[in-house]
Every structure is written in structure tokens, then in C-alpha cells.
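Reader: I have just opened this one and I am still finding my way around. Could you walk me through a few parts of it?

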Amino acid sequence: MAQVEQRRVSEHAGIDDRFAGRAVWLPILIIGPFVILLFCAFPHTDDICFAATWRDVGLIAMVRDLYLTFQGRIFSFVAAIVPFLVHGTLGGDLLVDFRAYCAAALGATLALALWGCNALLPTASRSIRLFLGLMLAAVLVAGSPQPEDMIYWATGIGFYTIPSLFCLGVMIWLYLQAVGMKPLGASAVVVLAAGGMLIATATEISGPVLLAIVVGSFLHRWLLAGAPRQPLAHALILGAIAIGIAVVLLSPGNAIRMRTIGTDQGIGLRALIGLPMAVAHLAQFLVRRLTNPALLAWLICLLCVAPRGDRRPREMATRALLTVWWPLLTTMITIYGALWIGHVATGRLLEQRALNYLHFVLVGGLSLTAITASAAYGERVWGMIEVRWPRFDKAKLAVAGLLFMLVTPHFLQAVQILPYVGPIHRLAQERFAQLGDGKLPGAPIADRTLVLPAASDGDIPWFADPVKNDPDAWTNGCVARYAGVRSVEIAPPTSN
């Protein structure tokens, strides 16, 4: 009997391996257009504004001035100008440095997805882990609310992508340490505390999200019998994150910025009204995310291969039942809190670029819950399905999910932009050849107008033109400051 069962499991694994080997090309196909579009990446308005400020006054003075007059996102100010810092230090081609930075963000997302699936599914075969890792990468990129800000915009990478990757990595690692009954070592505490404090200064929601993840992990350990609690280690990490939050909140620039956008009054009322409004924002966010084809396909494939157990829900103690759903519960609380903070600060739903952050958190929470729920109920549920629908085939379900993934909206949009890769690439090369290395620090502004070539196709989605036809536009002012000229204009389009 044991041999028959072993043969059945072996055959089942063989089918899964063959399926994964053949299906692995689909997530590669989904990610492919985003890789190709890296050749279109060039500094956008905010990138150029930050770079111009850095060139005018230097890094330390830039961070200080922005902290005093703009907002407290110290980490993000520095991370946003990394391509310009690299270019200023090493020289070479600015566009190459910029695209390398964008490629690093995409590559880090891919690496995190592959590592996560390898760590979460250690008993799965290598082909299955590779397939699911690429699927997860496709979900994080193509399934995100606004992938253009996540990959092709240095400001978006510094403000949101890096913190998103850090938070998702910490969420998965802490979960693995907890369920593996492993203590947090001294080096891990130092890294988490230092990294958490830095990332907490990225945005107003970064610190609270990290706080929720660490507190959730600490409480998760109390639900798991035999897991080391380590209150002191968690307190040190939480204290470091709290310092980062305080740095952001105490910025004098917050009041100036809120006065500029008209949200400096009625904060107490917004905080109160925000409690029910955040529920509405959460519902809106979940509807949009949970109807995304990429996310649905990912969950289908994950549930088809996740390890299954045979514990009946009625036989599970309350603590064990709570343990199963704990990742999802803490994820919902985390996202709700971030949306509430966003409503208090702005009076509306967070911008799409900030929702990219919460998308990473949601994908992490759903993935961890899918694995724990499969381990608790999988054998029972799949058995009921097979009894009621004898012809049910998980492979066909997975194929349907993969095909459904092909209609992911942002994947289709990326494909539609592909024909413009050549023109966008050439225009960026021409313009930045004229802009050169930018104005040297302390150099006077040249009393001349810089005329840049016109775009032949106008604004392309994801790659909007930072230079406007209006010479007095603030975007043109940033480009002029960067180039060290009085003003910047677009040349009239040439007639064929």
C-alpha cells in the first residue's frame, strides 16, 4: 500500500514537473515587455528636479533643505538621485546609468520572487519553484496598480519600490523564522533594526507598514507552540522603526507641504472620518486587486501545488485556526492602517504609486495564507472536489488561469507601447546629448535658451514628456536648472 501511495505521489509530481517546465514560458512572456521597455527609460520631471537641486547645493544641503521645506522622506531623497550620483562619480552615459538603476529594480523584484518561492516551498521540485517564482514576479510587476512608476521612474523606485521589496522580503523571512521555530539572531536583529529605520524614512506609510509586519510576526510566535517569543529582539526592531517614523513626522516641511496642497486644516476631523472611509478605500483596493488576472492566476497555480494536509477544521483548536489565517488578518489590518494614514494626510485614496506598495503587502499576505490554508485544509477540500466533480483536473484549472493571465491590463498596455521603443529611445538619446552632464555645482546659470528636439509621437503612456510646449511650465524649469540655462523650449516639429 505504501509503495502504491509513493508511486502515486511520484507520478503526480512528475506531471507537475512537466507542466511547470512547459508553462514557465508564460510568466517569462509576461515579464518580457517590461524588460524591453527598459530601453525607453529616461529621467522624468521629479527625477530631474531632485538632480538639479543636488547639483545646485550638494547632497547634504539638498536633504536638509527638502526636510525643512518639503517633507521628511530622507531615505527616498537620496535613493531617487542614485543614477545621477553614480553618473557624477563614475561618468559615462547618464541614460545607461539610469536604465541600469531601473533594471536593478526589476531584477531585485525578480530575485525576491524566486527566493520567496524557493524558501516557502522547499519540498517542491526545482522546476515548480522556478515556475512559481517567475509567476510571482509577473504578479508583482504586471499585476501592480502602476508598474511604470515602479520600474521606469527613479523617484518611484526610491520612494516606493525599494521599500516595497524590503517589506515583502521581511514579511516572508519573519514568517519562515516563526513557523520554523527559529530565533532571531543578533545579526538579524541589527539588520532588521537598521534597515527598518532607514525604510521607515522613505514615506509616511513605510514605517507603520513595517511596524505592523513586525508586531504581526511577534504575535504569530505566541500562537505557535514552541516558537521562541524574543520580546527584547522584537522591541529593538520596533524601536528602530519608531525612530524612523518620528524622523518623518517631525519634519518641518510637512506643514508647508500640507498647506500647499490644502490639507493643513481639519486633520482631527479627517482622522475621525477616515476610520469608515478607510474601510471604503480598502474595499475599493481589494476589488481592483482581487479581480486582476495576474493575481488570480498566481493564487490558482500556488494552490494547485502547495503542500496539503488533512486536518479537519472542526478538529482544530481556536489558536490553530487563528494561526492559519493570521497572515491574511495582519495583512488586512496593515493595509487598512496605511489607507487611513493616507486619508488623514490627503483626504482621499492613496495615489496609485503608493498603492504599488500595498500591492506587494497584499500579494505577500495572500501567498502566505494560501500556503497555510492548503496545509490545513488542502487534502480535505481537494478530496471533496474530486468526489463531487470526478472529471475535475487541476492541470486544466492551472492552464485556464495562465491563459487568463494574458489579459492582465498592464501587460497588454506594455505590449501596445513596444512599437514606440525605437522613437522614445532615440529622442531620449538626442535630448540628453544636448543636456550633457548638467550644470556643475556652483556654476552660474547661462543666459541662453536651450532648444530640445520635439517628440514625434507626443506623450506615450508611461513615458510622458518632461518638457512642455509652455516655456514657463514648472517641468521646463526643472530641466533648465539641471542644464544650467535660463529656459528650455521644444523645437517646432519638422514637416516631412
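Reader: How many residues does helix H11 have, and how far does it reach from its first C-alpha to its last?

Author: In this predicted model, helix H11 covers residues 186-200, which is 15 residues, and it reaches 21 Å from its first C-alpha to its last, close to the 21 Å expected at 1.5 Å a residue.

Reader: Which residues of H11 are buried?

Author: The buried residues of H11 are Ala188, Val189, Leu192, Ala193, Gly195, Gly196, Ile199 and Ala200. As background, an α-helix has 3.6 residues a turn, so residues three or four places apart point the same way.

Reader: And what do those buried residues pack against?

Author: The buried residues of H11 pack against helix H5 (74-80), helix H10 (154-179), helix H12 (206-223), helix H13 (231-249) and helix H18 (352-388).

Reader: Changing topic, where is Ala41 found, and is Ala41 buried or exposed?

Author: Ala41 is found in the loop between helix H2 (25-36) and helix H3 (45-57), and Ala41 counts as buried because its relative accessible area is 0%, where buried means under 20%.

Reader: What is Ala41 in contact with, leaving aside its neighbours within four places in sequence?

Author: With those neighbours left aside, Ala41 is in contact with Leu95, Phe98, Arg99, Cys102, Tyr152 and Phe463.

Reader: How much space lies in the second largest cavity, and which helix gives the most to its lining?

Author: The second largest cavity holds about 80 Å³ of space, and H18 gives the most to its lining, with four residues. Helix H7 (94-120), H10, helix H16 (293-305) and H18 each supply at least two residues there. Among the lining residues are Cys117, Leu168, Trp298 and Ser367, and the lining divides into 10 nonpolar, two polar and no charged residues.

Definitions and conventions. Residues are numbered from 1 along each chain as its sequence is written. This is a predicted model: local features need pLDDT of at least 70, side-chain atom pairs count only at pLDDT 80 or more; totals for chains, interfaces and linings use all residues. Side-chain values use heavy atoms; hydrogens and water are left out. The expected span of a helix is 1.5 Å times one less than its number of residues. Buried means under 20% relative accessible area, exposed over 50%, partly exposed in between (1.4 Å probe, protein chains only). Contact means heavy atoms within 4.5 Å. On a 1 Å grid over the protein atoms alone, a cavity is a set of points where a 1.4 Å probe fits but cannot get out, and a pocket is an open set with protein on both sides within 12 Å along at least five of seven lines; lining residues have an atom within 4 Å of a point. Grid points are joined across faces, edges and corners, and a volume is the space filled by probe spheres set on the points. Ala, Val, Leu, Ile, Met, Phe, Trp, Tyr, Cys and Pro count as nonpolar, Asp, Glu, Lys and Arg as charged, and the others, Gly among them, as polar.
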